[in-house]
Structure formats: structure tokens, C-alpha cells
Amino acid sequence: WEGPVVHLEPMKNVLDLDSSKAGFIPGIGCTINSRLDLKNIDSTHGSVYDTAGLHRRKDVGSGAFSPYHSSQTVATTYIPAGGELFAEYGAEWIPDIPGAVVTLDENMNAADDLLEEYVKWHEQHNGQDYLSERLLEGLWNFTIHFPIASQVLDTLPEHTTYKTVHQAIVNNKNKDESVVRTFLRNEGVRDLKWLEQHGRCQDHLYPDKSTLSQAGRGAFASRNLPKGSIVGYSPLIHMGNNRKLWDIQYKEPQTTTRGARKRRRQQRATKYTQQDLILNYSFGHCDSTLLLTPYGAMVNFINHSKEKANVKIQWPKHESEAHKPDWLEKDLDFLIHTIEKIGLSFEYVALRDIQQGEEVFMDYGEEWQQAWDVHVASWTPPEGASEYIHSTEWKGPLLTLAEQEETPYPPNLVTVCKESYSLDPKSETFHWTPIVRNSTHRVFCDVLDRNEESDGTHLYTVQLNYQDDNEQVVVQHVPIEGIDLMDDLLTQDWHLEGAFRHEIMIPDDMFPESWKNKVDTDAQEEGVEAGDSSIGVDDGAAADEL
């Protein structure tokens, strides 16, 4: 991890929907690499909000899991069987990765031009005694491994002979397609036999509402899974010792809609610190500061049950791109300082035969169970819980400010508007203008009036509240698509003070001794009593302070 998830979480900026995207979306989409202008999918495409029937006024599990799920990954072009999926991470991000191929159109176009000139030179000198096939291949090898960094040369087909490249250019005399792009796409296709041997099945599980109370959604077997089957597989993101990275400092958010400001004044100001929700999906050990976060498909839906556990985690036996067995022999200092992003993975193994449609469970560990029992015993509904309604659950038309005097929105809801209006010269008032080009930008607004049309729809008069210069603009005839009812900053369930937080525990028999860096509490106290100043320093805590 390089930064706290909360810095990217939904609603950090309620006025820019483009920045209102989740910071961590595990699953297939999270394993996809970037090829910029060669992308063939759009990842993290929408999501579904669903608390599985839990509500903060009555359910101790509220805020303990993400209510968002089913973010889709959509193909944007034809992808052959065995073809690798590629997204677009952004031109600002890819060039910072050492050795990454920057597949921008400008680079690939320049590489195509270079290949044409290369072949022209070959044809001009064809038949000369000195121009042997060996020399041509040598020149080609020198070109694709040129000692000076070049984003254009990096896009050339590295794993192909010059003879093959030459033939491809000759066959493409009409320039029907880009030779460079064709080779790059073909490099991303694996033979199906290779996939059968090295690939990991990702569809053994499917999500649905859990059979456990308070658990939200769970993972279910999509087919019969015999004992010993690899039910799921997931690479792991490691964080060595900086758990404070996930500490969120909460304070009362500021709102600029008149109705929301009034509701805020009626509630107490709250300040508290809580760890990010991602902790609940991560694995740790009581003797270590290390945290491992899975991002494989479906495995984060597997809930806890010691009695019903039918899967367990284990380290893969074979090396792969996402798992380096020698990392298990390294000390924690290596995991803290390595620049390699991924080198550890979990396999989820069936402990017994699992029937199709059966929910899959694993044992989260005794420490987790104790923490949950304490949470259940001490939990009380948060202040204002009975009033809470999520924005997706609001029924009926939007309320005017006058109506809110009698029946206000729940304190968590605010209205924001699209900024699309023009001055009507006859009435000298601002009227709604149909949107030609969609924008993610919004402005805080209040509804002043509502009129029902003959077809049952409503048109609104709204007041736009601009933050920078305190300007207010009244716009008439605004349809419902011009107004969004949204959840205010930091009001959703996972922000609740006291919501359950605890990592899943890694079994002691598979946790390397070299990763244990926490000082035993009893030994620490004995050391203090004995006056031994060398005992009692928690390396992990000290590193956190740094």
C-alpha cells in the first residue's frame, strides 16, 4: 500500500462525481494491466448499493462491510480466447513504471513509420553480399534492445524475428492495419493449453446474500467442489508496518446547502479516529505488524464461521508471477522495503466436499471472534440512526426548503445540481438548458419550488450556491435529471464511529517466524519492572510514528 484508501473513497468531493470513485475494487478488474491506447476493456463500470437488509438503527454489522458490489468490467472490442485484458490507467501513471511499454498512439504510430523506413532500407540494399540474414537479425536485435531509452522503440515487437516483421509489413502494403499494434495485441494472447496448465479458475464462487446474520453478502459454490479443490486464488498486497496509514481522522464535515447546514447545527460535532474499512478484508497475525490484502475474484465475500468452515488458506506450492516462495524465507524488513508490488498469494482450499449452491466459510481465528463478541456486547445504535435513509432509498419527489421546515431530509442527505442554464431575455430569469455534453461537475443547491407536469413528472426551481464567491443563482424549470440527491461527506455506514474493525487472522502454523516483530506484552511489562530499557520498544509502533 502506498496511500490510505479513504483519500480516494466515494464522496470525498461531492461536487465532482468523477472523483467519487472507490479506491479499492478487488476482483478480476483489479488484476488487469494497462496498455493505454491498446485497452480492450473498461473496468470498474458502475456498481450496486446493497446493505443486504442491514440498518444502523438495529444491526451491529452496519459499517463492517462495503455495501457496494458488482462493479462490471466491460469489453470495448473483440477479445480472442486466451487474450489478455488491458485497461487504461492513464498516461501520467504508466511512464513511471520501470521498463513499462508506453503504448500511446503517438508512440505506436512513430514505431510503424520506423518499421516502414527499416524495410525500405532493407529493400534498397537487398541482394548485396554483406546483407546476410544473420546481419539483418543482428541489426534488428540491436534496434529493439537499443541502449538509450526510447518509448517509440519500446513498442517494437520484442519477441519476434526480423524475418517475421518484414513479412508482416510486406503483407500490409495497403496499410490496412497497424503492424506494431497487431504484434502487441498478439503478444497478449496465451495458448489455451498453457492457460489450462498455468491459469487459475476464477468462477468457482459467486456472491449472494449470506446465510449468516449481520454478515452482508457471502460467497457460494457455483459447482460441486471436491475436497482439496482450489476454490479461490488471490494475489496479496502487503503492508509491512505502517498501520497508521489506514487511520482516518474524522471531524464534522462542512456543507453548503441551507437545509443541510441547519440539520448539521442540530447535531453534535464529532471527532474520532477509526481505521479504514479495508482492514476487515485484510489478513494479519497477532505477533506481527504485517497486513496482507487479497484482491482476487470473489474471495473477499468468504465469511467467518468456525463451526461451518469448509475452506482454508494456504501458500501456493509453485512459483508464479504473483507468488515467490522465497519471500516466505525473507524477514519483515524485506517486505517493508522491497519495491516489488506483488510477491505473495493465497490459495483457498476446500476442507471437504462442497455442494453447488452451498455457502463457503473459513475460520477467521480466535482473536477475530473475541473482537466480534466484544463489539456485539457493547454495541448501541449511533445517534440519529432511526432517521438515516441512504440516498438510493429515498422515495418520492425532492423537497423544497419550505417543506423541509416541517419534514426535513435525514441529516445525511444533500442536493447538488448540474450547472446548465441560460438567461431568458423575456423574463430576465435563468432557465434550465438541456445538457448537450455530460459533465461530472456539480454545484450545491436548494430546491425552492416544485411543479407537477401533466405527465406526472416534476419541474423544479433551484438555487445554486456557489462556494467561491457566495454567489446564488436561481434557475427555473429544472427536471429531475438536473438534480442529484446524494449522501453528504462521511455519512455512510462504513464511517460510523465504533463500526467493527478487525483483520482476519493468519493461522500460526503457516505464518513465518521471520515476519513476527511484535514484542510480547508480558515480556514487555517484565522488562519495564526489571528496569531493562532495551525491552518494551515495539518496532512496528516505532516505525508507524515515522
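Student: Is Trp246 buried or exposed?

Tutor: Trp246 is buried, since its relative accessible area is 0%. Buried means under 20% relative accessible area, exposed over 50%, and partly exposed in between (1.4 Å probe, protein chains only). Please bear in mind that this is a predicted model: local features need pLDDT of at least 70, side-chain atom pairs count only at pLDDT 80 or more, and totals for chains, interfaces and linings use all residues. Residues are numbered from 1 along each chain as its sequence is written, and side-chain values use heavy atoms, with hydrogens and water left out.

Student: Where does Trp246 lie?

Tutor: Trp246 lies in the loop between β9 (230-239) and β10 (247-250). Its C-alpha atom is separated by 5.3 Å from that of Gln275, which is 29 residues apart from Trp246 along the chain.

Student: And the whole chain: how many helices and strands?

Tutor: The protein chain has twelve helices and 25 strands. Helices (H or I, at least four residues) and strands (E, at least two) are DSSP runs, numbered from the N terminus. Of the 546 residues, 43% count as buried. Among contacts with a separation of 6 or more, 73% come from residues 24 or more positions apart; contact means heavy atoms within 4.5 Å.

Student: On to helix packing. At what angle do the axes of α1 and α4 cross?

Tutor: The axes of helix α1 (residues 105-124) and helix α4 (residues 162-170) cross at roughly 100° and come within 10 Å. That makes α1 roughly perpendicular to α4. Angles under 35 degrees count as roughly parallel, over 145 as roughly antiparallel, 65 to 115 as roughly perpendicular and the rest as oblique. Axes are lines fitted to C-alpha atoms, for helices over the stretch in contact, and angles run from 0 to 180 degrees between N-to-C directions.

Student: Which residues make the contact?

Tutor: From α1 come Leu115, Tyr118, Val119, His122 and Glu123, and from α4 come Tyr162, Val165, His166, Ile169 and Val170. They divide into seven nonpolar, two polar and one charged. Here Ala, Val, Leu, Ile, Met, Phe, Trp, Tyr, Cys and Pro count as nonpolar, Asp, Glu, Lys and Arg as charged, and the others, Gly among them, as polar.

Student: What about α2 and α4?

Tutor: Helix α2 (residues 133-144) packs against α4 at about 90°, with the axes 9 Å apart, which makes α2 roughly perpendicular to α4. Glu133, Leu136, Glu137 and Trp140 of α2 meet Tyr162, Lys163 and Val165 of α4. This contact comprises four nonpolar, no polar and three charged residues.

Student: Changing topic: how many aromatic pairs are there?

Tutor: The structure holds 19 aromatic pairs. Rings of Phe, Tyr and Trp (its six-membered ring) pair if their centres lie within 6.5 Å; planes under 30 degrees apart count as stacked, over 60 as edge-to-face and the rest as tilted. Tyr49 and Tyr68 form an edge-to-face pair, 5.3 Å centre to centre with 70° between the planes. Tyr49 belongs to strand β3 (residues 48-49) and Tyr68 to strand β4 (residues 68-69), 19 residues apart.

Student: How accessible are Tyr49 and Tyr68?

Tutor: Tyr49 is buried at 15% relative accessible area, whereas Tyr68 is partly exposed at 29%.

Student: Which aromatic residues are linked into a cluster?

Tutor: Ring pairs join Phe283, Trp315, Phe346, Tyr348, Phe511 and Trp515.
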